[in-house]
Amino acid sequence: MRSIVPVLTVVAVIIALWYAACVPMNIKFALTMAEREGAVIEPEGAAARRDLSAIGLALRNPDQWGDTLAQDKPRLPAPHQVLVELYDTVIDKKITSKRSLVFHGWITLSATLLGFAIGTVGGIVLAVGIVHSRAMDMSVMPWAIASQTIPILAIAPMIIVVLNSVGVQGLLPKALISAYLSFFPVVVGMVKGLRSPDQMQLDLLKTYSASKGEVFWKLRLPASVPYFFASLKIGIAASLVGAIVGELPTGAVRGLGARLLTGSYYGQTIQIWSALFATAILAALLVAVISGLERGTLKRMGLGR
Amino acid sequence: MSQATVIEAKHLDLTFQTADGPVQALRDVNLSIAQGDFVSFIGPSGCGKTTFLRCVAALETPTGGTLTVNGMTPDEARRKRAYGYVFQAAGLYPWRTIAKNIKLPLEIMGFSKAEQEERVARVLDLVDLSGFGGKFPWQLSGGMQQRASIARALAFDADLLLMDEPFGALDEIVRDHLNEELLKLWARTGKTIGFVTHSIPEAVYLSTKIVVMSPRPGRITDVIESPLPKERPLDIRDTPEFLEIAHRVREGLRAGHAYD
């Protein structure tokens with residue numbers, strides 16, 4: 001319980017900074033609107049204010065600070081605006097509604113989970129191959145590394161277009177982009193984990209005349225479990241990014257990526273920010289689920305203390 | 001003691017090819033170990049004592065001479081599971097309980113479940129760890145972990161026990177205790193034991209035969225048959241016989257050790 005005080009302090013500081021930033025970010029529009037309604041603004045006229053610094057304007061017109069926190073399309077929405085929007089679109093809307101974030105979240109989540117599953121299985125298979133075959137070690141690893149140097153934004157549209165031209169659309173193309181991002185940490189972590197037993201451990205099994213399969217199942221695989229979970233935590237977050245990026249280039253109408261996209265088309269900054277927060281919360285939940293699995297598994301293995 | 005020969009080395013050579021050129025780890029090693037012997041290998045680091053043990057275990061391959069274990073090549077003997085090997089570190093799997101660690105070789109060697117249980121109980125008793133089977137390794141002290149690793153090597157009833165500085169990382173009090181236990185265990189089981197150490201008292205206290213080795217290249221400088229009785233209380237280490245053997249070992253080590 002003692003750790004809750006510093007955590008809350010940091011959150012409070014962030015929220016305070018955020019509110020403070022809202023004032024200069026939104027002040028020009030607030031001044032224009034207030035002047036139109038007859039308020040006295042210093043200096044007068046939108047044209048005169050155009051090139052003045054936002055912070056200076058905010059300091060000269062403290063009466064309009066309240067207006068900066070209650071606009072429909074602010075440059076920077078205030079925290080409570082985002083919260084209200086989140087509440088509206090998560091709790092109030094029916095989850096079948098096109099405006100429900102739960103609905104859009106599920107679209108993205110399903111692609112994320114499918115891609116994560118594909119990436120994880122693929123990553124494990126590659127890692128096992130790399131550890132057991134020198135040829136694969138030399139040939140696959142450089143490609144795996146090269147694959148991650150290509151910006152995902154550049155390759156995602158091509159994956160969507162190519163798959164679409166062969167008739168694959170919907171969930172799978174997005175999932176494949178997710179898998180493309182999430183297999184890599186699994187490969188790297190599992191290769192390290194499967195190689196983690198030292199020479200003495202391997203010698204010991206040799207004195208029992210253990211087969212390669214037994215070395216794998218009894219030593220290498222259990223030794224790799226802690227590495228595996230560390231990789232999964234990176235992989236699941238990467239998967240989510242992949243699914244969202246996969247929704248952007250197609251002009252998709254469903255999914256968190258689509259919410260971000262339509263929000264930016266129509267200047268709905270509050271919608272963009274609430275979609276961003278929904279994404280962050282979803283990512284945190286996914287990582288928390290993996291952490292829970294990790295704790296349970298390691299405890300059962302006698303590795304958790 | 002005119003029993004069967006377990007280990008027979010004749011003109012054994014082993015040269016490692018390293019980046020700095022060949023390194024002769026063993027040169028012209030001749031040794032015969034009979035069944036029931038407790039043989040210690042003693043010498044400074046780099047004298048090839050561990051390498052010799054690893055040759056016997058078929059973890060290294062000699063480059064010259066002959067080496068037989070139970071009349072077979074070391075590799076055949078390994079496949080027949082002729083020996084149990086105890087390493088310097090306990091090397092227990094942290095994700096297995098003590099009982100499950102001891103079951104590891106039994107699983108690989110295909111013992112039935114019932115037989116596994118029975119053997120685990122027996123060897124745990126043998127190393128005085130009954131009741132600790134359900135603990136994880138980190139819950140045990142270093143000495144207890146090493147005893148568990150000895151139990152693991154005993155579980156499948158190999159007649160030959162190869163021990164590579166098994167107590168090297170333990171403090172002297174624990175080591176004395178484990179030495180005593182090991183002698184009792186040896187008396188009870190009648191196994192042949194090859195034991196690498198760099199402690200003179202340990203070697204003299206435990207062994208029926210002490211092999212003194214020296215480095216660069218690794219070779220045997222002296223083989224001492226111990227006249228000490230099989231029954232050895234700890235205070236035998238203060239007797240003149242004991243000190244005389246210890247003296248001879250020290251002389252052997254000094255003779256082989258060129259301080260160049």
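Predicted model: local features only at pLDDT ≥ 70, side-chain atom pairs only at ≥ 80, totals over all residues.
1. A salt bridge here is a side-chain nitrogen of Lys or Arg within 4 Å of a carboxyl oxygen of Asp or Glu. With that rule, the count over all chains comes to 22 salt bridges.

2. Let me start with the contact between the two chains. Chain A brings 21 residues to it and chain B brings 25 residues. The area buried between chain A and chain B is about 2100 Å², and carbon and sulfur atoms give 64% of that. On the chain A side, Thr207(A), Tyr208(A) and Lys218(A) supply 31% of the area that chain A buries against chain B, more than any other three residues. If you plan to look at the interface by eye, these three make a handy place to begin.

3. Which charged and polar pairs cross between the chains? The rule finds 2 salt bridges across the interface of chain A and chain B. In one salt bridge, the side chains of Arg54(B) and Asp203(A) meet at 2.9 Å, N to O. There are also 6 residue pairs in polar contact between chain A and chain B, counting pairs with both residues at pLDDT 80 or more.

4. As for the elements involved, helix 10 (199–207) and helix 11 (212–247) of chain A each supply at least two residues of the side of chain A that touches chain B. Helix 10 of chain A has the largest share of that side, with 7 residues. By class, the side of chain A that touches chain B divides into 10 nonpolar, 5 polar and 6 charged residues.

5. Now to the inside of chain B, which is divided into domain 1 (16–82 + 159–246 + 255–259) and domain 2 (93–157). The C-alpha centres of domain 1 of chain B and domain 2 of chain B lie 24 Å apart. In the contact, 15 residues of domain 1 of chain B meet 14 residues of domain 2 of chain B. About 1200 Å² is buried between domain 1 of chain B and domain 2 of chain B, with carbon and sulfur atoms giving 69% of it.

6. How many salt bridges are counted between domain 1 of chain B and domain 2 of chain B? The count is 0, and the rule finds 1 residue pair in polar contact across that interface, both residues at pLDDT 80 or more. On the side of domain 1 of chain B that touches domain 2 of chain B, strand 6 (160–164) and helix 6 (172–189) of chain B are the elements giving two or more residues. Helix 6 of chain B gives the most to that side, with 7 residues. That side of domain 1 of chain B has 8 nonpolar, 2 polar and 5 charged residues.

7. Several salt bridges within chain B deserve a look of their own. Asp75(B) and Arg78(B) meet through their side chains at 3.1 Å, N to O. Both residues lie in helix 2 (residues 74–79) of chain B, 3 residues apart, about one turn of the helix. Asp75(B) is partly exposed, with a relative accessible area of 29%, whereas Arg78(B) is buried at 8%.

8. Another salt bridge joins Asp157(B) and Arg119(B), with the closest N and O atoms 3.3 Å apart. Asp157(B) lies in the loop between helix 5 (142–154) and strand 6 of chain B and Arg119(B) in helix 4 (residues 113–126) of chain B, so the pair ties together parts 38 residues apart in sequence. Asp157(B) counts as partly exposed at 37% relative accessibility, while Arg119(B) counts as buried at 9%.

9. The side chains of Glu202(B) and Arg175(B) also meet in a salt bridge, at 3.4 Å, N to O. This pair links distant parts of the chain, with Glu202(B) in helix 7 (residues 200–206) of chain B and Arg175(B) in helix 6 of chain B, 27 residues apart. Glu202(B) is buried with a relative accessible area of 5%, and Arg175(B) is buried with 12%. Elsewhere, salt bridges that share partners join Glu115(B), Glu118(B), Arg119(B), Arg122(B) and Asp157(B) into one network.

10. Asn61(A) lies in the loop between helix 3 (54–60) and helix 4 (65–68) of chain A. Is Asn61(A) buried or exposed? Asn61(A) counts as buried, because its relative accessibility is 4% and the cut-off is under 20%. A polar atom of the Asn61(A) side chain lies 3.0 Å from the backbone oxygen of Leu57(A). Leaving out residues up to four places away in sequence, Asn61(A) touches Leu31(A), Ile41(A) and Glu42(A).

Technical notes
Residues numbered from 1 in each chain as written. Chains lettered and ligands numbered in written order. Heavy atoms only, no water. Domains from an automatic or database assignment. Contact = heavy atoms within 4.5 Å. Buried area = accessible area lost by both parts, 1.4 Å probe. Polar contact = N/O pair within 3.5 Å; in protein donor to acceptor, adjacent residues only side chain to side chain. Helix = DSSP H or I, 4+ residues; strand = E, 2+ residues; numbered from the N terminus. Nonpolar A, V, L, I, M, F, W, Y, C, P; charged D, E, K, R; others polar. Buried < 20%, exposed > 50% of the residue type's maximum accessible area, 1.4 Å probe, protein only.
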